[in-house]
Amino acid sequence: MEVLPSHKLLFRLSLLLPIHITSLMLISSAYSPPDNYFINCGANSKTNVTTSGTRTRVFIGDRGFLVGKAETVKNNNPTASTSLDLYQAARIFRHQALYKFNIYQTGTYIVRLHFFVFMSLYTDRPIPRFNVSVFGHSLLTNYSFQNMTSSPKIEEFLLTIPKGKFKIFFVPYQNSSAFVNAIEVFLGPESFIPDEAPYITSQGAKNNYSHLSSKVLHKVHRIDVGEDSIS
């Protein structure tokens, strides 16, 4: 696990309790979150996204969630790998903007930010470079795509969100811009993140991460130990 500076309160979740995580994934495979938002940024209508063969999530447009000025950019040259309607538009921010969500239940939430750089994003615009934060904690810093990617990139975070207003800030870096294609915010299963987790140091000593439920975790790898892959 790579621990970032403590003032950012940001942990990256990497190879953390793989067996425990596997059991949680098996439990959550049939889990239906009671408090959830699936947002297709820049879209004007609902978008159905089917995963794991049969499971469908309905993404809606971002009207009513977006606060601040933004441009809508359409993907003029979709490829086979990005034929999903979820990646046919993006919101571009030249100045700070935010998405605001009503949270009705305190708990551990999964937050996913979807990014796909297509040619339309580069037309008469600087290369996107930006920061993303919540509660004053940095999720992504100086985040950038120097080149177009062949597939979407999804950044996933796990964090405790209290009841009330939850805001995700997008802040362009200097004279650049920020963008996002889709956002997911949904409540995870109860006790999804243990408060303590053992780990082995580089010197081979045993130790424990503590107060994990109060941190922001950034998924780096998802590994199922000794089993086939899980969708």
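**Exercise 1.** In which loop is L212 found? Decide also whether L212 is buried or exposed.

*Solution.* The model is predicted. L212 sits in the loop between strand 17 and strand 18 (216-219). Step two: check the accessibility. L212 has 1% relative accessibility. Buried means under 20%. L212 therefore counts as buried. Step three: look along the chain. P194 is 18 residues away from L212, and their C-alpha atoms are separated by 6.7 Å.

**Exercise 2.** Describe how strand 16 and strand 17 are arranged.

*Solution.* Step one: find the ranges. Strand 16 covers residues 196-200, and strand 17 covers residues 206-210. Step three: pick one bridge. E196 has S210 in strand 17 as its bridge partner. Step four: inspect the turn. The two strands form a hairpin with 5 residues between them. In the turn, G204 has a positive phi of about 90 degrees.

**Exercise 3.** Locate D62 and list the polar contacts of its side chain with R91 and Y99.

*Solution.* Step one: locate the residue. D62 belongs to the loop between strand 4 (55-61) and strand 5 (66-67). The relative accessible area of D62 is 1%, so D62 is buried. Step three: list the polar contacts. The D62 side chain makes one with the side chain of R91, at 2.8 Å. The D62 side chain makes another with the side chain of Y99, at 2.8 Å. Step four: widen the view. Leaving out residues up to four places away in sequence, D62 touches I39, N40, C41, G42, A43, R91 and Y99.

**Exercise 4.** Classify the ring pairs that Y99 makes with F93 and with F170.

*Solution.* Step one: count. The structure holds 17 aromatic pairs. Step two: take F93 and Y99. Their ring centres are 6.3 Å apart, with 80 degrees between the planes, and the pair is edge-to-face. Both F93 and Y99 are buried. Step three: take Y99 and F170. Their centres are 6.1 Å apart and their planes stand at 80 degrees. Planes over 60 degrees apart count as edge-to-face, so this pair is edge-to-face. Step four: trace the chain. Y99 is in strand 8 (residues 97-103) and F170 is in strand 13 (residues 164-172). These residues are 71 apart, and their pair links distant parts of the chain. Step five: check burial. Y99 has 0% relative accessibility, so Y99 counts as buried. F170, with a relative accessible area of 0%, is buried.

**Exercise 5.** Which residues join F65 in a cluster of ring pairs, and what lies over the face of F38?

*Solution.* Step one: follow the ring pairs. They link F65 with Y37, F101, F135 and F166 into a cluster. Step two: turn to F38. R57 lies over the face of F38, 5.9 Å from the ring centre.

Notes: Residues are numbered from 1 along each chain as its sequence is written. This is a predicted model: local features need pLDDT of at least 70, side-chain atom pairs count only at pLDDT 80 or more; totals for chains, interfaces and linings use all residues. Side-chain values use heavy atoms; hydrogens and water are left out. Two strands pair if DSSP finds at least two bridges between them. Helices (H or I, at least four residues) and strands (E, at least two) are DSSP runs, numbered from the N terminus. Buried means under 20% relative accessible area, exposed over 50%, partly exposed in between (1.4 Å probe, protein chains only). A polar contact is a pair of N or O atoms within 3.5 Å; within protein, one must be able to donate a hydrogen and the other to accept it, and residues adjacent in sequence count only if both atoms are side-chain atoms. Contact means heavy atoms within 4.5 Å. Rings of Phe, Tyr and Trp (its six-membered ring) pair if their centres lie within 6.5 Å; planes under 30 degrees apart count as stacked, over 60 as edge-to-face and the rest as tilted. A charge sits over a ring if NZ of Lys or CZ of Arg is within 6 Å of the ring centre and within 35 degrees of the ring normal.
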